[in-house]
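Welcome! Let's go through this model together, one feature at a time.

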Amino acid sequence: MSSKSKPPSIPIHEAVSWEDWLKGRRWRRELGSRVAPPIIRREASSSDPRLRRLFHGERGLPFARSKRL
Amino acid sequence: MQADLVKAALADILADTDPTRKAAKLASLCSEVFRQRGIDLVVVGGSAIELLTEGAYTSGDLDFCLLNRNAVPLRERQELMGQLQGQGGPRSWQVAGQFVDLLGPLESLARTPLRKLAGPYGLVQIIQPEELLVERILVSVYPQKSVPARQCARKLAAVALGGALGLDWNEVERLARLPEYRIFPECQKVIEEIANELKVKTPFHPHP
C-alpha cells in the first residue's frame with residue numbers, strides 16, 4: 001500500500017471523523033491480522049449467559065470479513 | 001436530544017449487523033444522551049480496543065466508565081437508559097441489541113489525550129491506547145500467561161506501529177515503567193517482536 005493511498009489514521013490530538021474512521025477500518029483490521037489470528041473474540045467470560053441468550057448461542061454478532069470493511 | 005431523533009438512531013443501530021460499527025454507533029448515542037445531562041462517558045476495555053484496532057475481539061457488550069463523576073445515582077441511570085429504551089439495570093442494560101455496562105469512575109494513569117471519534121450521534125471518548133497496551137501486556141503475563149490478552153496487545157501494537165493509530169511511545173514507556181505496572185522489559189520485547197514482524201523500526205531503544 002503506498003503512502004498516497006493510505007486511509008486516515010486515528011490521531012492523538014483531534015477527533016477522527018466518522019467517515020475517516022469507517023475508511024480506516026480495513027487498514028486497521030489488516031495490520032492486526034498480520035500479527036494475530038483475524039478473529040480473537042474470547043470463547044468465554046462471566047457475561048456468557050446473557051450474551052449467548054441474546055446472540056443465539058454466540059457471544060456477539062459475527063464479524064464482517066476484511067474485504068467487506 | 002429529541003425523542004424522535006433518539007428513536008431513529010436506535011432503529012439504525014438495531015438494524016446494523018456489523019458488531020464493531022454497531023458498537024461505535026451505540027457508544028455515540030449513549031455518550032450524547034449522557035452528555036446532555038452533564039455526564040461524560042469513556043469507552044473502556046475490549047470495546048475500546050475494538051474501536052481503535054478493528055481487532056475482531058469484542059463481544060456483544062459495550063463498557064463505559066465515568067470521566068467527570070464518581071457515580072451516577074440509580075434513579076438518573078434508569079431515566080437515561082429509559083430514554084434509550086434500555087431494559088434492565090442497575091449497571092447493565094440491553095439497548096438496541098447489545099449490552100451497555102456502566103462501570104465506575106475512569107482509572108487511567110495515562111497523560112495522553114483520550115481518543116475521540118466524532119460518531120454519527122455524538123462524540124465518543126475512548127480510553128488512551130497507551131494505557132490499554134501496557135495493561136494488556138501486563139495481563140498477558142501476570143498472574144499467568146494469557147493468550148487472548150497477548151493477542152490484543154499484539155494487534156494494538158501492530159495498528160499503531162503500522163501508522164493507523166496515533167500512539168505516544170514515550171508515554172507507553174513511562175507507563176510501563178511505573179510502579180503500578182513494572183512491565184517495561186516485557187513491553188519492549190513485545191513491541192520489538194511486532195516491529196520485526198511488520199519490518200518497521202522499533203520505537204524503543206534496542207536491548208543493551
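Q: How many residues does the hairpin that joins strand 6 of chain B to strand 7 of chain B pass through?

A: First, some reading rules. This is a predicted model, in which local features need pLDDT of at least 70 and side-chain atom pairs count only at pLDDT 80 or more, while totals for chains, interfaces and linings use all residues. Residues are numbered from 1 along each chain as its sequence is written, and chains are lettered from A and ligands numbered from 1 in the order in which they are written. Helices (H or I, at least four residues) and strands (E, at least two) are DSSP runs, numbered from the N terminus. Two strands pair if DSSP finds at least two bridges between them. Here, the hairpin from strand 6 of chain B to strand 7 of chain B goes through four residues. Strand 6 and strand 7 (residues 123–126) of chain B run antiparallel and are joined by four bridges. Within this pair, Ala118(B) stands opposite Leu123(B).

Q: Which strand of chain A do bridges join to strand 6 of chain B?

A: In general, side chains in a regular strand alternate between the two faces of the sheet. In this case, strand 1 (residues 16–17) of chain A runs parallel to strand 6 of chain B, with two bridges between them. Ser17(A) has Ala118(B) as its bridge partner.

Q: Where else does strand pairing show up in chain B, and what is the hairpin of strand 4 and strand 5 like?

A: Strand 4 (residues 92–95) and strand 5 of chain B are antiparallel, with four bridges. They form a hairpin with two residues between them, and Ala96(B) in the turn has a positive phi of about 50°. Val95(B) is opposite Gln98(B) of strand 5 of chain B. On the parallel side, five bridges link strand 2 (residues 61–66) of chain B with strand 5 (residues 98–105) of chain B.

Q: Which peptide bonds are cis, and where is a positive phi found?

A: Most residues other than glycine have a negative phi, and most peptide bonds are trans. In chain B, the bond between Gly89(B) and Pro90(B) is cis, with omega about 0°. Pro90(B) sits in the loop between strand 3 (87–88) and strand 4 of chain B. The bond from Tyr142(B) to Pro143(B) is also cis, with omega near 0°, and Pro143(B) belongs to the loop between helix 5 (129–141) and helix 6 of chain B. As for phi, Ala56(B) has a positive value of about 55° although it is not a glycine. Ala56(B) is in the loop between helix 3 and strand 2 of chain B.

Q: What angle do helix 3 of chain B and helix 6 of chain B make as they pack?

A: Two packed helices are described by the angle between their axes and the distance between the axes. The axes are lines fitted to C-alpha atoms, for helices over the stretch in contact, and angles run from 0 to 180 degrees between N-to-C directions. Helix 3 of chain B packs on helix 6 of chain B at about 35°, with axes 10 Å apart. From helix 3 of chain B, the contact takes Ile49(B), Leu52(B) and Thr53(B), and from helix 6 of chain B it takes Cys152(B), Lys155(B), Leu156(B) and Val159(B). Two residues are in contact if their C-beta atoms, placed from the backbone, lie within 7 Å.

Q: How many residues of chain B are in contact with chain A?

A: The count is 40 residues of chain B against 37 residues of chain A. Helix 6 of chain B gives the largest share of the chain B side, seven residues.

Q: Which domains does the assignment give for chain B?

A: Domain bounds come from an automatic or database domain assignment. For chain B, they are domain 1 (3–126) and domain 2 (129–198). Their C-alpha centres lie 25 Å apart. Twelve residues from domain 1 of chain B and 14 residues from domain 2 of chain B make the contact.

Q: Why is chain A described as more spread out than a compact globule?

A: The radius of gyration is taken over C-alpha atoms, and the globule rule is 2.2 Å times the number of residues to the power 0.38. Chain A has a radius of gyration of 16 Å, well over the 11 Å that the rule gives for 69 residues, so it is more spread out than a compact globule. Its secondary structure comes to three helices and one strand, in the order β-α-α-α from the N terminus on.
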